[in-house]
Amino acid sequence: MRKRAPFIEQMEDAECGIACIAMVLGYYGCFVTLHEIRERFGLSRGGSSLLQLINIGSGYSMRCKGFKAGFGQIKNLPLPAIAHWEEKHFVVIERVGTRSVTIVDPSFGRKRISREEAEARYSGHILCLAPEESLQPRKAKNKWRFFIELALKQPKWLISILGVSLILQSFGLIAPQLTAYITDHLLLDSSQDKFAVIGAALLSLFIFYELFSILRGWFLAKLQSSMDLLMMTTFIGKLFHLPYSFFESRTGGELLFRTNANVYIRQILSNRMVTIIIDFILLISYAVLMLVRSTGLGAVVIGVGIGIFSILIVTTMITQQFASREITEQSRTQSFLAECIYGITDIKLLGAEQHLLGSWSQLFRNQLSTTQRRSIWISLLDSFSSGIQFIMPLLLLWAGSGAVMQGTMTLGGLLGFNALAAAFMIPIVSLGSAYTQLLSVGSYLQRIHDVVEARSEQEEGGEEVASLQGKIEMNHVSYRYSAFSPYVLQDVHLCIEPGEKVAIVGPSGSGKSTLAKLLLGLYRTTEGEILYDGRPIDQLEFASLRRNIGAVLQDTKLFQRTIEDNIRMLDEQISIEQVVEASMTANIHDEIMKLPLSYATIVSENGGSLSGGQRQRLLLARALVNRPQVLLLDEATSALDNLAQAEIDRALSAMNCTRIIIAHRLSTVINADRIIVMNEGHIVETGTHHQLLAQQGLYYQLYTNEEEKKHDIAI
């Protein structure tokens with residue numbers, strides 16, 4: 001069998017390059033996960049270049065060399081190789097034939113395309129990789145381990161289901177015996193004295209079968225509920241504790257799809273784990289009984305069963321490819337629709353409803369087309385197995401009639417054997433179906449493992465922060481998104497004293513918001529350290545630290561809950577008096593009281609029912625409700641007029657807490673104790689408003705431009 005590269009699906013659009021690296025490494029026996037590559041090398045938000053892929057491959061002991069080559073030259077290069085595709089994508093070229101080309105696309109899987117299509121899509125650049133002697137083989141991780149461990153934590157339900165199922169299936173062994181007995185002793189012998197006894201036995205068999213079926217269903221429901229609770233709690237708990245950067249690079253629709261995939265996997269586990277065990281036991285039992293009754297006929301039936309099972313196993317690779325493509329298309333369609341729903345305001349503003357409807361329609365058609373092809377393929381397999389099951393009893397009657405005529409087998413024995421053969425075929429088909437399902441669930445597992453294997457925001461719990469004095473230090477802090485990205489912040493040194501009001505200003509893209517996220521621990525410094533009250537931030541528990549910091553960022557959201565719930569964020573320890581106090585400080589209390597249900601008013605998703613100023617003041621109230629000693633505001637009052645801004649500023653000044661204000665509108669930070677001016681990731685100026693104006697540097701230019709715009713608008 002030809003050696004093939006494993007299919008490793010990209011989890012986001014920018015990951016096609018590293019997914020191809022992982023597939024080529026897997027081809028040479030070194031299996032690495034996308035998560036490991038991300039952790040080790042980072043991932044540029046715009047994707048990877050060939051040079052970056054060379055650096056990653058070299059880091060895994062691979063000799064890498066990029067070429068600019070015509071498509072006709074590829075067959076002379078060592079394959080598999082990574083090709084630049086359609087000027088925006090990477091795929092693995094596995095084999096180049098005379099008429100067709102086999103590629104492994106990290107977004108769709110393995111497929112064979114015509115040579116003409118491959119030439120049209122090939123961008124002209126290819127990366128060849130070959131293992132060095134130092135390459136260490138690594139086995140692929142067991143994708144099922146996480147779920148099997150969870151399932152095995154419910155031993156009493158598993159054992160109960162297995163026991164009841166075995167009793168149920170034992171009735172299947174009784175049925176052929178009764179068929180033979182009834183035929184030989186009632187139909188042929190016309191023995192009426194046993195008629196009532198056999199009728200009572202059949203009724204008892206039916207009653208017991210129904211009771212055990214109900215009991216099995218009850219046990220199964222208990223197992224599924226327990227597994228759902230354990231799996232979803234573990235999965236969502238892991239998801240919530242992942243770093244902020246994980247959510248930045250994935251859509252909400254994609255993460256919801258992965259969450260729902262847990263239910264599908266649980267169905268496979270809870271139903272199939274026990275079924276597979278029972279099917280194997282039944283196969284052996286039925287095979288032995290058939291061979292005992294008739295060695296010749298038994299061997300024929302067993303041979304046919306092995307043939308059907310072999311065909312089902314051989315065809316599962318095609319089934320898996322169909323399933324993988326269907327899951328990918330479903331994920332894309334759901335992600336696109338979720339993105340459209342979240343961004344409906346912008347869609348309406350641009351009048352782009354019809355355009356986006358067309359895009360969604362095309363994605364949905366692709367999904368339906370893939371589902372249709374998979375359904376046709378499954379129906380073909382089902383029709384084959386059902387056809388065999390249909391004709392098998394007739395063939396056995398035909399083949400066994402000779403034995404009945406010769407007297408070596410009774411008619412009842414032949415009918416009983418027929419029932420055994422029919423029962424034997426059921427677990428054969430069931431096992432083939434189970435194997436197909438286990439393979440098809442691989443795409444779901446890969447998406448789940450993207451969450452399960454990701455490193456939590458804090459692997460080890462840090463020191464709990466009970467309170468803060470408010471001193472913050474940044475010592476030579478630098479930050480970049482990946483090993484291949486430019487520095488967003490570089491060598492930032494800053495010390496903020498308790499109670500000081502510091503404003504951070506600068507042109508767009510100067511690194512102000514990134515600095516805020518570093519202070520909150522949402523990003524981790526690439527170099528340098530951040531200290532709170534002299535303690536490094538990495539040694540502090542992030543959750544308790546953030547509870548002591550009131551923060552409003554540009555992308556902070558409101559939830560579809562009551563105003564009260566939005567302010568206290570379901571924290572039962574926060575009283576309504578604290579909520580009102582925070583609202584008054586944020587200058588939103590009077591407007592809340594004018595609403596029909598005041599603090600019980602439901603806020604629409606993301607605050608769509610409120611004005612921009614109201615949303616910002618509600619978010620500010622949320623930041624203030626814990627009476628924080630550090631307040632970090634990133635454009636938190638940009639939607640307010642100068643009068644409302646001044647009122648809020650006076651209220652905040654009375655709190656005597658450390659304040660870090662990030663603002664574009666310089667008129668709002670004139671009274672700051674210190675103004676930090678940033679440009680291209682560096683601190684370029686520091687001082688008060690008047691000191692910075694006197695320097696006539698960048699701050700002077702920004703402030704002068706702002707005043708000129710105000711003057712032009714006034715005119």
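Strand β7 (residues 472-479) has seven of its eight residues buried, so it is largely enclosed by the rest of the structure; buried here means under 20% relative accessible area with a 1.4 Å probe, counting protein chains only. Keep in mind that this is a predicted model, where local features need pLDDT of at least 70, side-chain atom pairs count only at pLDDT 80 or more, and totals for chains, interfaces and linings use all residues. Numbering starts from 1 along each chain as its sequence is written, and side-chain values use heavy atoms, leaving out hydrogens and water.

**The whole protein**
- You're looking at 23 helices and 16 strands, taken as DSSP runs (H or I, at least four residues, for helices; E, at least two, for strands) and numbered from the N terminus.
- Of the 715 residues, 46% are buried.
- Take the contacts (heavy atoms within 4.5 Å) with a separation of 6 or more: 73% of them link residues 24 or more positions apart.

**Around β7**
- β7 runs antiparallel to strand β8 (residues 489-496), with five bridges joining them; strands count as paired if DSSP finds at least two bridges between them.
- Glu-473 has Cys-495 in β8 as its bridge partner.
- β7 also pairs with strand β10 (residues 527-532), again antiparallel and over five bridges, and here Ser-478 sits opposite Glu-527.

**The six-strand sheet**
- This open sheet goes β12-β13-β14-β9-β15-β16, and its pairing is mixed.
- The edges are β12 (549-552) and β16 (682-687); each has a single partner strand, so one side of each lacks a neighbour in the sheet.
- On average, neighbouring strands in this sheet are turned by 15° against each other, direction ignored.
- β12 pairs with strand β13 (residues 630-634) in parallel over four bridges, with Ile-549 opposite Val-630.
- Helix α20 (residues 612-624) lies across β12 and β13, at about 165° to β12; angles run from 0 to 180 degrees between N-to-C directions, using axes fitted to C-alpha atoms, for helices over the stretch in contact.
- Helix α21 (residues 642-653) lies across β9 (501-505), β13 and β14 (658-662), running at about 155° to β14.

**The α1/α2 pair**
- The axes of helix α1 (residues 16-27) and helix α2 (residues 34-41) come within 10 Å and cross at roughly 115°.
- On the α1 side, Ile-18, Ala-19, Ile-21 and Ala-22 meet Leu-34, Ile-37 and Arg-38 of α2.

Definitions and conventions: Buried < 20%, exposed > 50% of the residue type's maximum accessible area, 1.4 Å probe, protein only.
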